[in-house]
Amino acid sequence: MKALITGASSGIGRDMARYLSSIGYDLIIVSRDEDKLNELKDDLNTNVEVIPMDLTVEANCENLYKKVKDKNIDVLINNAGFGLAGVFNKTDFKKEMSMIDLNIKAYHILTKLFVTDFIKRNSGYILNVASSAAFQPGPLMTTYYATKSYVYSMTLALYEELRHKKSNVHISCLCPGPVNTNFNNVANCEFKVKALSSEFVAKYAIDKMFKNKLLIIPGFTMKLGYIFGKIVPSKLKLKIIYNIQYRKVSGRK
């Protein structure tokens, strides 16, 4: 059994690697940070291949697939990503373009390439890591919310295509709320809601993935938030989200 995990050097991706290794999976772990990947490899008891790679570069996504396509991968976990907080007309344009490349294009390319192989052999699991941000627009984190909405929509649509084919390929979308990772520092914001541990979220997500759960939302509070978002009028929801985001970015305009 073998799993490929992107964004495996820290946070949820790192803890997914640890959990999968603990249940016997060999791993291919991918990130830009080779040192952290090697540190993780040294902590694991199964076979681990380290691939340092920047997936904001489109060609690297295709090169990654070519490098591993013949290695009998059973599980693909698209986890690499980052966020950015601030007013839309003032946030860094180049950083946003990199975010779109990583949060959308890398997911799209790797999902498309691997699911094609998985369909041919009629087996495999794909876990796309989105966010509770996927469920609505996010003023003051506009681009990040939009990228996660893309992942959520793509994953659900592909799920239905696979179901219609009666395929044994399974795809899931993980949509956590706040998690104790380095996300805050990169996004330049601070969560005001109590965060879950990345260890809990990683184990919860993988367990649900193997049970063929489509939408994976860890934590009772986030499940309530998902339901709440379905019934609140759009303009009121935007006002609520803006106020939450405003506090999150510590009052920056």
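Predicted model: local features only at pLDDT ≥ 70, side-chain atom pairs only at ≥ 80, totals over all residues.

Tutor: Residues are numbered from 1 along each chain as its sequence is written, and side-chain values use heavy atoms, with hydrogens and water left out.

Student: What is the volume of the largest cavity, and which residues line it?

Tutor: On a 1 Å grid over the protein atoms alone, a cavity is a set of points where a 1.4 Å probe fits but cannot get out, a pocket is an open set with protein on both sides within 12 Å along at least five of seven lines, and lining residues have an atom within 4 Å of a point. Grid points are joined across faces, edges and corners, and a volume is the space filled by probe spheres set on the points. Here the largest cavity has a volume of about 40 Å³, and its lining is made by Leu84, Gly86, Phe88, Thr91, Glu96, Leu140, Met141, Thr142 and Thr143.

Student: Is leucine 140 buried or exposed?

Tutor: Buried means under 20% relative accessible area, exposed over 50%, and partly exposed in between, with a 1.4 Å probe and protein chains only. Leucine 140 has a relative accessible area of 7%, so this residue is buried, and its phi is positive, about 80°, although it is not a glycine. Lysine 166 likewise has a positive phi, of about 60°, without being a glycine, but at 71% relative accessibility lysine 166 counts as exposed.

Student: Which helices supply at least two residues each to the lining of the second largest pocket?

Tutor: Helices (H or I, at least four residues) and strands (E, at least two) are DSSP runs, numbered from the N terminus. The helices in question are H4 (93-121) and H5 (142-164), and H4 gives the most, with six residues. This pocket has a volume of about 230 Å³, and among its lining residues are His108, Val115, Met154 and Lys165.

Student: Where does leucine 236 lie?

Tutor: Leucine 236 is in helix H9, and with a relative accessible area of 44% leucine 236 is partly exposed.
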